[in-house]
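Please open the model in a viewer and keep the selection panel at hand.

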Amino acid sequence: MGVVSWTIPILVAMTTIGGINAYILAVSRLYFVGSREGHLPQVLSMINIWTMTPAPAVLFNGFLVCCYLISDDVLTLINYFSFMYWIGVGLSIAALLYLRWKQPDMHRPIKVHLALPVLFLLASLFLVVVPFYSAFRDSVIGCAIFLSGVPVYYFGVHRKVHPAWLHTIADGITRKVQKLLLCVPQETEDTTLPNDEGRHETEKTV
């Protein structure tokens with residue numbers, strides 16, 4: 001590269017920062033929406049009253065990242081993460097193709113050619129299958145970690161088995177987080193408010 005070789009580490013650092021920024025925004029949004037749908041604790045679906053951002057979800061993502069840093073084997077951590085990540089991506093694309101087949105007339109704000117998700121699904125399958133040959137042990141452990149969420153989903157979301165003591169702990173944490181981060185639940189339903197004449201008007205809140 002000659003005299004411009006010094007720009008390479010700067011450009012790599014800028015690319016890394018941009019990728020991490022996009023990751024933080026995207027993953028935090030997943031926690032936020034999952035909580036809003038009842039799949040995660042309610043506190044993760046709350047937003048800050050000043051910035052209108054899902055502050056609890058962002059901080060929760062940071063907490064998980066700090067937990068990942070406990071491992072001193074970066075390569076093993078990458079194998080676990082990439083394996084589970086591409087399984088999730090592949091299942092999401094497969095669900096998209098299933099809906100395109102079963103509900104072709106469903107309203108879709110963004111619709112792409114069918115070849116694109118098919119190619120993406122094949123690439124995801126490739127990135128899931130190949131690690132079984134290159135790092136079989138890490139792939140099996142990653143698969144076990146991924147499947148450990150199935151019983152949690154079945155009892156916690158599908159069957160809604162929530163012990164009383166768990167509700168008590170969750171409520172206490174939710175109140176403390178609300179006071180600390182000044183966050184409240186997002187309002188998505190129509191709210192009916194009485195006016196001065198005794199009539200009612202519907203106000204759409206977002």
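**Stop 1: Asn48 and its polar contacts**

Select Asn48 and Leu181: the side chain of Asn48 reaches the backbone oxygen of Leu181 at 2.6 Å. This is a polar contact, that is, a pair of N or O atoms within 3.5 Å; within protein, one must be able to donate a hydrogen and the other to accept it, and residues adjacent in sequence count only if both atoms are side-chain atoms. The model is predicted, so local features need pLDDT of at least 70 and side-chain atom pairs count only at pLDDT 80 or more, whereas totals for chains, interfaces and linings use all residues. Residues are numbered from 1 along each chain as its sequence is written, and side-chain values use heavy atoms, with hydrogens and water left out.

Asn48 belongs to strand 1 (residues 46-48); strands (E, at least two residues) and helices (H or I, at least four) are DSSP runs, numbered from the N terminus. With a relative accessible area of 11%, Asn48 is buried. Buried means under 20% relative accessible area, exposed over 50%, and partly exposed in between (1.4 Å probe, protein chains only). Leaving aside residues up to four places away in sequence, Asn48 touches Thr53, Leu181, Leu182 and Cys183, contact meaning heavy atoms within 4.5 Å.

**Stop 2**

Leu182 lies in the loop between helix 7 and strand 2 (183-185) and has a positive phi of about 55° although it is not a glycine. Its relative accessible area of 41% makes Leu182 partly exposed.

Next select Lys160, in the loop between helix 6 (149-158) and helix 7 (164-181). Phi of Lys160 is near 55°, again a positive value in a residue other than glycine. Is Lys160 buried or exposed? At 59% relative accessibility, Lys160 counts as exposed.

**Stop 3: Aromatic pairs**

Display the rings of Phe, Tyr and Trp. The structure holds six aromatic pairs. Rings (for Trp, the six-membered ring) pair if their centres lie within 6.5 Å; planes under 30 degrees apart count as stacked, over 60 as edge-to-face and the rest as tilted. Tyr98 and Trp101 have ring centres 6.0 Å apart and planes at 75°, so this pair is edge-to-face. Both residues are in helix 3 (residues 74-102), three residues apart, which means that about one helical turn separates them. Tyr98 is partly exposed at 45% relative accessibility, while Trp101 is exposed at 60%.

Tyr154 and Phe155 form another edge-to-face pair, with 5.0 Å centre to centre and 85° between the planes. Tyr154 is partly exposed at 37% relative accessibility, and Phe155 is partly exposed at 45%. Then select Tyr85, Trp86 and Phe120, which ring pairs link into a cluster.

**Stop 4: Ala57**

Select Ala57 in helix 2 (residues 55-68). Ala57 is buried, with a relative accessible area of 0%. Residues up to four places away in sequence excluded, Ala57 touches Ser28, Tyr31, Phe32 and Leu44.
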